Amino acid sequence: MCYIAEGRSGACDRYANEGGELVRLDPLTILENREDTPLVPFLDREWDGDLVSGEDTFITAVGSGTTYPDYKPAPFIVASKSAGVDMITVVTEGIFSYCGAKVKIDTDRHLGSECAPVRAEGEVIGHVSTSEYGSQMLSLGGVNHLTGGSKKEGRATCAALLALCNGEQVALTIDNGADLEIAAGQPPIVNGAPEQRMRVGCGSATVGMFAAQWQGLVDEVVVVDDHITGVMSEHQAGKVIGWAPSGIRIKGRRSTPGRYFQVAEPGIGWGGTDLTDPLDILDSWKPDQARAGQSLLMVSTTGENAAYYELNDDLVPVQKDMPARLLPSVKRIEENCEPSLTSVLFMAGAGGSLRSGVTENPVSLTRSVQSRLTRVTSGGAPVFIWPGGGITFMADVTQMPKNAFGYVPTPALVAPIEFTMTAADYAALGGHMDYVMPLEDALRGSKGRQNDHRLSGQRSEARKTGAPWPVGSATSRGTS
């Protein structure tokens with residue numbers, strides 16, 4: 001347990017000692033079901049006496065405090081009504097050592113090799129995971145980095161996770177890879193340059209998408225890509241529309257006609273390769289098919305790189321100015337790219353004592369969640385529950401209230417979590433029915449008799465646009 005001196009705040013800045021009373025310093029965050037208003041600024045308020053229901057107001061766990069290690073019920077167990085059904089929401093701030101962040105970075109640039117260490121403040125806090133379509137993934141945090149290494153490693157990991165989950169920018173480096181500056185919902189900055197676009201598709205897909213638009217305008221098109229480089233005259237799309245053979249030869253491992261793997265090494269050049277000159281992937285042209293004056297367009301999968309060539313008398317490509325007739329097609333590739341963003345999913349396992357703050361028989365909560373009788377949210381945001389044992393979930397941090405996360409010096413993250421179910425289901429799973437309080441009382445600032453702390457205030461936020469309302473009956477159970 002922590003010791004906090006009179007008049008001081010604790011090491012985690014979450015609690016303070018005021019006159020011998022423990023105070024949770026961050027205000028309790030209330031969600032209001034008003035999608036049309038994007039945000040209500042911080043607001044200390046008192047309940048105005050209006051009747052409230054779970055369809056209008058939802059108490060998140062942000063600022064609620066915790067009863068960890070949960071030898072007593074969770075800080076708030078509130079009763080409300082939704083569509084005439086009696087509902088219960090159990091609210092607590094979970095302490096998560098077993099947690100991390102899955103980060104998706106939209107870019108076709110090579111950030112680092114798979115499994116390469118990712119560092120913050122010089123400490124390894126995770127690794128490069130798989131590449132996905134137009135994105136690269138990082139796996140950050142986890143119990144081995146938080147508590148399994150040195151103190152410095154744990155602190156650096158916790159600080160990076162906390163900042164990322166709270167929407168702040170974090171500087172990372174990848175061994176033998178890129179320097180990154182990333183923040184949830186913002187374009188990533190790779191080696192000091194903000195990313196603009198994720199690729200429209202691989203080279204093969206790009207050939208297919210725009211084959212008809214290039215027909216009659218150019219004799220050959222090569223879409224350069226680290227994954228699959230596409231060649232129009234050989235590709236199925238070109239064959240179908242009657243594209244004539246050009247005699248082109250590509251260096252690389254041929255997959256199927258018009259599709260080539262490994263044309264170059266991964267990098268930050270054309271199409272996520274290390275190419276600065278795309279001609280490096282071309283071999284000599286077939287003299288029986290190629291001809292002098294034959295035109296060639298080479299373009300990357302974001303349209304960021306494009307060049308036009310014509311073969312000279314020796315069948316060697318010579319770069320020319322890009323003809324006006326081809327500019328719209330290159331522009332079309334750019335238009336079809338999605339904006340490049342960084343996505344951060346908080347991932348944690350809600351096990352251990354946390355469940356005993358909800359029910360006297362902790363495994364019954366797990367079974368209720370797995371049966372979708374209990375809906376899990378994090379700061380009111382919907383979560384994805386992993387199949388299998390336990391309550392392992394992921395949540396988009398941009399769907400949560402601002403500064404929803406805290407930390408403890410363990411080091412571990414503190415994250416909001418709420419469990420919502422019908423009152424009947426709560427009773428059936430062995431819930432702490434004697435500690436249920438009406439929603440109105442909670443909004444009025446009343447605290448449960450199980451709490452050893454008081455709240456410093458409240459703030460309200462509107463529901464995130466498009467997010468499902470946290471309190472619901474059967475229609476919303478299946479989304480968690």
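**Cavities, pockets and loops of a predicted model**

The second largest cavity is lined by T57, F58, I59, V78, S80, T89, L439 and V471. A cavity here is a set of points, on a 1 Å grid over the protein atoms alone, where a 1.4 Å probe fits but cannot get out, and lining residues have an atom within 4 Å of a point. This is a predicted model, in which local features need pLDDT of at least 70 and side-chain atom pairs count only at pLDDT 80 or more, while totals for chains, interfaces and linings use all residues. Residues are numbered from 1 along each chain as its sequence is written, and side-chain values use heavy atoms, with hydrogens and water left out.

The volume of the second largest cavity is about 40 Å³; a volume is the space filled by probe spheres set on the points, with grid points joined across faces, edges and corners. Strands β4 and β5 each supply at least two residues of this lining, and β4 gives the most, with three. Strands (E, at least two residues) and helices (H or I, at least four) are DSSP runs, numbered from the N terminus. By class the lining has five nonpolar, three polar and no charged residues. Ala, Val, Leu, Ile, Met, Phe, Trp, Tyr, Cys and Pro count as nonpolar, Asp, Glu, Lys and Arg as charged, and the others, Gly among them, as polar.

The whole structure holds three cavities of 30 Å³ or more.

The loop between β4 (57-59) and β5 (76-82) holds S64. S64 counts as buried because its relative accessibility is 0%, where buried means under 20% relative accessible area, exposed over 50% and partly exposed in between (1.4 Å probe, protein chains only). The S64 side chain reaches the backbone oxygen of A61 at 2.8 Å. Leaving aside residues up to four places away in sequence, S64 touches L28, P75, F76, V91, T92, E93, H453 and L455; contact means heavy atoms within 4.5 Å.

P69 lies in the loop between β4 and β5, and the peptide bond from Y68 to P69 is cis, with omega near 5°. D70, also placed in the loop between β4 and β5, has a positive phi near 60° although it is a residue other than glycine. D70 is buried, with a relative accessible area of 7%.

E121 also has a positive phi, near 55°, and lies in the loop between β8 (117-120) and β9. E121 counts as exposed because its relative accessibility is 59%. Another cis peptide bond joins T410 and P411, with omega about 5°; P411 sits in the loop between β27 (406-408) and β28.

Pockets are open sets of grid points with protein on both sides within 12 Å along at least five of seven lines. The largest pocket has a volume of about 840 Å³. Of its 32 lining residues, C2, T66, Y68, I95 and V408 are the closest to its centre. β1 (15-18) and β6 (85-96) each give at least two residues to this lining, which divides into 17 nonpolar, 11 polar and four charged residues.

The second largest pocket holds about 340 Å³ of space. Of the 23 residues lining it, S131, E132, S135, Q136 and D226 are the closest to its centre. β9 (123-132) and β10 (135-141) are the elements that give two or more residues to this lining, and β9 has the largest share, with five. The classes here are three nonpolar, 13 polar and seven charged.

In α2 (residues 151-165), 11 of the 15 residues are buried, so α2 is largely enclosed by the rest of the structure. The buried residues of α2 include E153, C158 and C165. α2 is followed by G167, whose phi is positive, near 85°. In α6 (residues 362-370), S364, L365, T366, S368 and V369 are buried, and what covers the buried residues of α6 includes β23 (375-378), β25 (384-385) and β28 (412-422). Just after α6, R372 has a positive phi of about 65°.

Note on methods
A polar contact is a pair of N or O atoms within 3.5 Å; within protein, one must be able to donate a hydrogen and the other to accept it, and residues adjacent in sequence count only if both atoms are side-chain atoms.
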